[in-house]
Structures are given as C-alpha cells and as structure tokens.
Amino acid sequence: MTDPSDCVFCRIAAGQIPADIVADGERWLAFRDLSPQAPTHVLVIPRDHVESLDRLRGRGGGLAAALLEACAEVAAVCGLDDGYRVLTNVGREGGQDVMHLHFHVLGGRRMGWPPG
C-alpha cells in the first residue's frame with residue numbers, strides 16, 4: 001500500500017505540486033496528463049487516497065459515481081463531443097504506475113481496439 005504522504009497524486013490534490021487543472025469537485029480533481037497519449041488526456045482522481053479501483057469495494061457507490069460523473073464533466077469541458085475513452089489500470093500487471101486511483105479521459109482522435 002502506498003503511503004499517502006509519498007503519493008504524487010495526493011500532493012497534487014493538496015496543491016503541493018502544480019498541475020494543469022481542467023475541472024474540480026468536492027471529492028475529485030481533474031488535470032492534464034504530463035505524458036499525453038491522445039490530443040486530450042486528462043486524469044481524474046479522488047481527493048482522498050484510494051489506491052486502486054479494487055479499493056473502492058465496500059465504500060458504497062458514492063465516490064465511484066462522483067468519479068464517473070467527473071469523467072463526463074471533463075469530456076464536456078474539453079469539447080469531446082465526438083466521443084472519448086475512459087479507462088483505469090488496476091495493479092502493476094494492469095499497467096498502474098501511480099498507486100492512487102485515477103481515470104484517464106482520452107479524446108481528440110479516433111481510439112483503436114484492442115487498446116493494449
């Protein structure tokens with residue numbers, strides 16, 4: 001488990017590390033990815049430290065719903081009217097590099113399949 005005091009996303013949410021903020025809410029924050037994989041690539045994170053999607057189990061659906069609604073809000077703010085992709089990686093084998101739950105909102109080009 002990642003110590004929240006060592007978590008880069010916790011530090012961004014706390015305003016200790018600057019980020020290009022796209023939108024924010026009471027329970028979440030959205031900012032541009034430093035290594036974009038699409039013309040629009042925004043990360044949506046919970047303000048509280050949650051390690052991964054697996055750690056949402058048993059917390060009730062409120063935070064999960066807020067994060068998914070945030071992804072839709074980010075897509076609207078970014079003008080992704082023609083479509084977009086939302087994804088999250090879970091664990092090292094799933095491609096998760098930062099052990100703080102985050103959703104990627106990708107758009108601005110046609111997305112291919114399969115993704116990985």
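Is Arg 47 buried, partly exposed or exposed? Arg 47 is partly exposed, because its relative accessible area is 26%, and buried would mean under 20%. Keep in mind throughout that this is a predicted model.

**Stop 1**

Asp 24 is partly exposed, at a relative accessible area of 47%. Why can such side chains pair? Side chains of opposite charge can do so when their charged atoms come close.

**Stop 2: the other salt bridge**

The count for the model comes to two salt bridges. For the other, select Asp 20 and Arg 32. Their side chains meet at 3.5 Å, N to O. Again, distant parts of the chain are linked: Asp 20 is in the loop between helix 1 and strand 1, while Arg 32 is in strand 2, 12 residues apart. Asp 20 is partly exposed, with a relative accessible area of 45%. Arg 32 also counts as partly exposed, at 35% relative accessibility.

**Stop 3**

Five strands make an open sheet, in the order 1-2-3-5-4, with antiparallel pairing. Which strands are at the edges? They are strand 1 (21–24) and strand 4 (84–87), and each pairs on one side only. On average, neighbouring strands are turned by 20° against each other, direction ignored.

Now walk across the sheet, strand by strand.

- Strands 1 and 2: three bridges join this antiparallel pair. The two strands form a hairpin, with three residues between them. Select Asp 24 again: Leu 29 in strand 2 stands opposite Asp 24.
- Strands 2 and 3: five bridges join residues 28–32 to residues 40–46, running antiparallel. Go back to Arg 32, which stands opposite Val 42 in strand 3.
- Strands 3 and 5: five bridges hold this antiparallel pair together. Select Leu 43 to find His 104 of strand 5 opposite.
- Strands 4 and 5: four bridges join them, also antiparallel. Select Val 86; the bridge partner in strand 5 is Val 105.

**Stop 3: inside strand 5**

Select residues 103–107. How many of the five residues of strand 5 are buried? Five of the five are, so strand 5 is largely enclosed by the rest of the structure. In a regular strand the side chains alternate between the two faces of the sheet. Here both faces are covered. Phe 103, Val 105 and Gly 107 are buried on one side, and His 104 and Leu 106 are buried on the other.

**Stop 5**

Within helix 2, pick Leu 68. Leu 68 is partly exposed, at 48% relative accessibility. Together with Leu 68, they make a nonpolar surface patch of about 250 Å².

**Stop 4: Arg 11 in helix 1**

Jump to residues 8–13, which are helix 1, and select Arg 11 there. Arg 11 is partly exposed, with a relative accessible area of 35%. Which residues does Arg 11 touch, not counting those up to four places away in sequence? They are Ser 5, Gln 16 and Ile 17.

**Stop 5: a cis peptide bond**

Finish with Trp 113 and Pro 114. A cis peptide bond joins them, and omega is about 5°. Pro 114 lies in the segment after strand 5.

How values were computed:
Residues are numbered from 1 along each chain as its sequence is written. This is a predicted model: local features need pLDDT of at least 70, side-chain atom pairs count only at pLDDT 80 or more; totals for chains, interfaces and linings use all residues. Side-chain values use heavy atoms; hydrogens and water are left out. Two strands pair if DSSP finds at least two bridges between them. Axes are lines fitted to C-alpha atoms, for helices over the stretch in contact, and angles run from 0 to 180 degrees between N-to-C directions. Patches are made of residues with over 30% relative accessible area and no salt bridge: like charges are joined within 9 Å, nonpolar side chains (Val, Leu, Ile, Met, Phe, Trp, Tyr) within 5 Å. Accessible areas come from the Shrake-Rupley method with a 1.4 Å probe; for residues, only the protein chains shown count as cover. A salt bridge is a side-chain nitrogen of Lys or Arg within 4 Å of a carboxyl oxygen of Asp or Glu. Buried means under 20% relative accessible area, exposed over 50%, partly exposed in between (1.4 Å probe, protein chains only). Contact means heavy atoms within 4.5 Å.
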